[in-house]
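Dear colleague,

I am handing over the structure that we spoke about, and below it you will find my notes on what turned up. Please read them with the structure open beside you.

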Amino acid sequence: MQAAPNRQSSSVIHEMYHQSVQGMDSFYLSHFHVLENNGSPDASSQGNSVISSSYKDQFFTLESFPATAYLSACNSPSAVSVLSSRSPFSPQGSQTCSSDQHHSFDNTCGSPQSGCSVTDDDYELKHKLKELEISLLGPETDIVDSCYCSFRGGESRDASMARWNWNQMIETIPKLSLRDTLIRCAQAIHEADLNAATSFMDVLGQMVSVSGDPAQRLGAYLLEGLRARLERSGSAIYKALKCEEPSSSELMSYMSILFQICPYFKFAYTSANAFIWEAMVNEPVIHIIDFQIAQGSQYIPLIEDLASRPGGPPVLLRITGVDDSQSAHARGGGLQIVGQKLAQLAQSKGIPFQFHAAAMSGCKVERSDLRIRPGEALAVNFPYALHHMPDESVSTQNHRDRLLRLVKSLSPKVVTIVEQESNTNTSPFFLRFIETLDYYTAMFESIDVARSRDDKQRIRAEQHCVARDIVNMVACEGFERVERHELHGKWMMRMKMAGFTQYPMSSSVTGAVKNLLRDYNENYRLLEAEGALNLGWKNRAMATSSAWR
């Protein structure tokens, strides 16, 4: 019988393993996209707004960012992860995050190598450690290789190298951070190392919680996306979640929470309304086409301001609302509900009003669906809507650019676009995972400051209004991946190719948004760059609003 190794020898081995792991960690993590925390312009200066109506106590609307169409199936805030009881976003281009810039928000992106590259020196170090381990602890030791990246032909070079055994590893090697573990798990899936990925998921299951800090909560939803992708069940889970939505009233209450505690929706509403108000200030007949009208509450303050504009209200205000069945669930009915509500408001303000419902996806919209009339001043609004349109990487029909060309053919006075400042459209899986992790880390932190950590309403709002988008971006590909965000630089290219020129930014537009942000945490930042307004959380750009003609 082999004598048991002494405690001192075991400690030496553990320390040597720890040192080797640290060395390889620094090599591996140097390739990842890391969010820098450099300074960002402070948007504390004040401005005068042309939009006089406040959003306080206004009727709430379901919006596409981040929750219009895709809702989580989480029902219990005490669950470790959303779908842990289940078995567990087109050709991918070589585009990296650096192809578009986040202006002066420091969202730097790297380009990880395709897989882990391990040098001969790394191998020799690991081999010597293995020999020392065997000499001191015996050949049957369970201490294992700490780098999850598989060597090309590694087993043939050293068939005795131990396989994964995380139960032993977590006892002998200090735990990785949650972020690093998520990244390593995604890399293992990217490399098709199923044993490593499964082991990382076992560890992650003990690290995440939908009721924890922002990183733990986000980690729970990212873990479910990774599980679904690993088991190639992303599509099945995605479709199943549509059958597990909360009731209309419940969903509305969850969305209302996010609407009130963070400014992402109101940023879209306020900036777009300010652009539209400026463009229509002297127009007698106004037609607004909204490609994600949801419940229409964006137009409550706009109608109120048009009623009191210099020179009197318009002779006629028409609104065409485009929306699909997903928002109908949140409304508790069809678009006629929106039309009736806005008609009542317009009538009370003395504005003749007409509403046209186009109950369809933006992908299906044709010119005849929009009922354009001669002599009317046209405004088109895309509030967090265009990223749902599949582009050339998904389909030869390229509905994203087709829709922009269609809108240009209507000769609008102004087109407003608000989109998340994120790059998840054509990025391959691993880069997309890193981008999703960085973006939603900032979002969860910004949500966290507004409510206490144990607030069950906030927990459920994240579960039902944010988690589904995350799972879709991580687990799905092709047509099934509908969350396909692009950076402002790419939207600029698309708009210019469609024939648009940028609408000039005015102090009244920036003033309206600055006034809005007074009611929120000081870490929200506003930056004007390249003719657009960028809303950021600390040093991360979160959303961009621009106008075109």
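The protein chain exposes about 21,500 Å², of which carbon and sulfur atoms supply 49%, the areas coming from the Shrake-Rupley method with a 1.4 Å probe. This is a predicted model, in which local features need pLDDT of at least 70 and side-chain atom pairs count only at pLDDT 80 or more, while totals for chains, interfaces and linings use all residues. Residues are numbered from 1 along each chain as its sequence is written, and side-chain values use heavy atoms, with hydrogens and water left out.

Of the 549 residues in the protein chain, 60% are buried (under 20% relative accessible area). The secondary structure comes to 19 helices and eight strands, which are DSSP runs (H or I, at least four residues, for helices; E, at least two, for strands).

One pair of helices deserves a careful look. The axes of α5 (residues 178-190) and α15 (residues 429-448), which are lines fitted to C-alpha atoms over the stretch in contact, come within 9 Å and cross at roughly 160°. The two helices are therefore roughly antiparallel to each other (an angle over 145 degrees). In their contact (heavy atoms within 4.5 Å), residues of α5 including Leu182, Ile183 and Ala186 meet residues of α15, among them Phe430, Phe433 and Leu437.

Lastly, Ile293 lies in the loop between β1 (285-290) and α11 (299-307), and Ile293 is buried, with a relative accessible area of 2%. The C-alpha atoms of Ile293 and Asp324 are separated by 9.6 Å, although these residues are 31 residues apart along the chain.

Notes. Buried < 20%, exposed > 50% of the residue type's maximum accessible area, 1.4 Å probe, protein only. Axes fitted to C-alpha atoms, helices over the stretch in contact; angles between N-to-C directions. Parallel < 35°, antiparallel > 145°, perpendicular 65-115°, else oblique.
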